[in-house]
Amino acid sequence: MGQAGQKIIKMTNYWLMKSEPHVYSYDDLIKDGSTHWDGVRNYQARNFMRDKMRIGDMVLYYHSNTKPPHVAGVSKICKESYPDITQFDEKSKYYDPKATKEVPRWFLVDMESVTKFDEMVTLDQLKDNSKLEGMLVIKRGQRLSVQPVEKHHFDEVCRMANIHL
């Protein structure tokens with residue numbers, strides 16, 4: 001119970017997160033069980049992970065830079081944001097000389113697999129579904145690797161994959 005006997009209700013957020021399958025695929029996530037989502041170097045995407053993502057939030061796991069680009073499955077956030085250690089590693093391609101351990105610039109979250117889609121849901125299928133109008137991933141020029149998804153869009157993509165969560 002919250003203050004003055006009020007019940008606190010945790011709202012689940014919904015996201016789409018992009019990964020190139022040759023870098024880290026949904027099958028890799030299944031094999032590993034969970035992973036940290038490092039290397040994000042876009043401030044808006046970082047802010048979503050740092051400020052908005054919570055344990056239990058659901059994620060459409062999207063394979064980008066592949067033919068065809070597609071949603072491969074569903075994952076969920078299992079650890080809230082903490083500093084991305086790659087920003088401090090001079091040997092990492094994600095090294096940021098302006099970041100310090102006292103004032104980190106980049107954050108990440110951990111996710112775990114929930115379910116792999118039996119059939120991928122392609123970008124073209126997403127674009128062809130009028131129920132997904134307004135979904136960010138289908139907007140022209142939308143390249144953000146971490147983006148919010150409305151619940152009804154999340155549910156529709158799962159329905160397209162014959163998944164009921």
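Does Thr122 count as buried or exposed, and at what relative accessibility?

**View 1. Thr122 and the residues it touches in the predicted model.** Thr122 lies in strand S5. Its relative accessibility is 15%, below the 20% cut-off, and therefore Thr122 counts as buried. Pro68, Pro69 and His70 are touched by Thr122, leaving aside residues up to four places away in sequence. Between Thr122 and His70 the C-alpha to C-alpha distance is 4.0 Å, although the two are 52 residues apart in sequence.

**View 2. Strand S3, residues 58-63, and its burial.** Six of the six residues of S3 are buried, so the strand is largely enclosed by the rest of the structure. Met58, Leu60 and Tyr62 point one way from S3. Val59, Tyr61 and His63 point the other way. In a regular strand, side chains alternate between the two faces of the sheet.

**View 3. The pairing of S3 with S1 and S4.** Strand S1 (residues 14-19) pairs with S3 in the parallel sense, over six bridges. Met58 in S3 is the bridge partner of Tyr14. With strand S4 (residues 70-83), S3 pairs in the antiparallel sense, also over six bridges. Here Val59 stands opposite Ser75 of S4. S3 and S4 form a hairpin with six residues between them. In the turn, Asn65 has a positive phi of about 55°.

**View 4. Helix H2, residues 43-52, and its buried residues.** Ala45, Arg46, Phe48 and Met49 are buried in H2. Seen down the helix axis, the buried residues fall within an arc of 155°, so they line one face of H2. The elements that cover these buried residues include S1, S4, strand S5 (107-122) and strand S6 (146-148).

View 5. S1, strand S2 (34-36) and helix H3 (123-128) each supply at least two residues of the lining. By residue type, the lining divides into 12 nonpolar, 11 polar and nine charged residues.

How values were computed. Residues are numbered from 1 along each chain as its sequence is written. This is a predicted model: local features need pLDDT of at least 70, side-chain atom pairs count only at pLDDT 80 or more; totals for chains, interfaces and linings use all residues. Side-chain values use heavy atoms; hydrogens and water are left out. Buried means under 20% relative accessible area, exposed over 50%, partly exposed in between (1.4 Å probe, protein chains only). Helices (H or I, at least four residues) and strands (E, at least two) are DSSP runs, numbered from the N terminus. Two strands pair if DSSP finds at least two bridges between them. Ala, Val, Leu, Ile, Met, Phe, Trp, Tyr, Cys and Pro count as nonpolar, Asp, Glu, Lys and Arg as charged, and the others, Gly among them, as polar. The arc is that of the directions from the helix axis to the C-beta atoms. Contact means heavy atoms within 4.5 Å.
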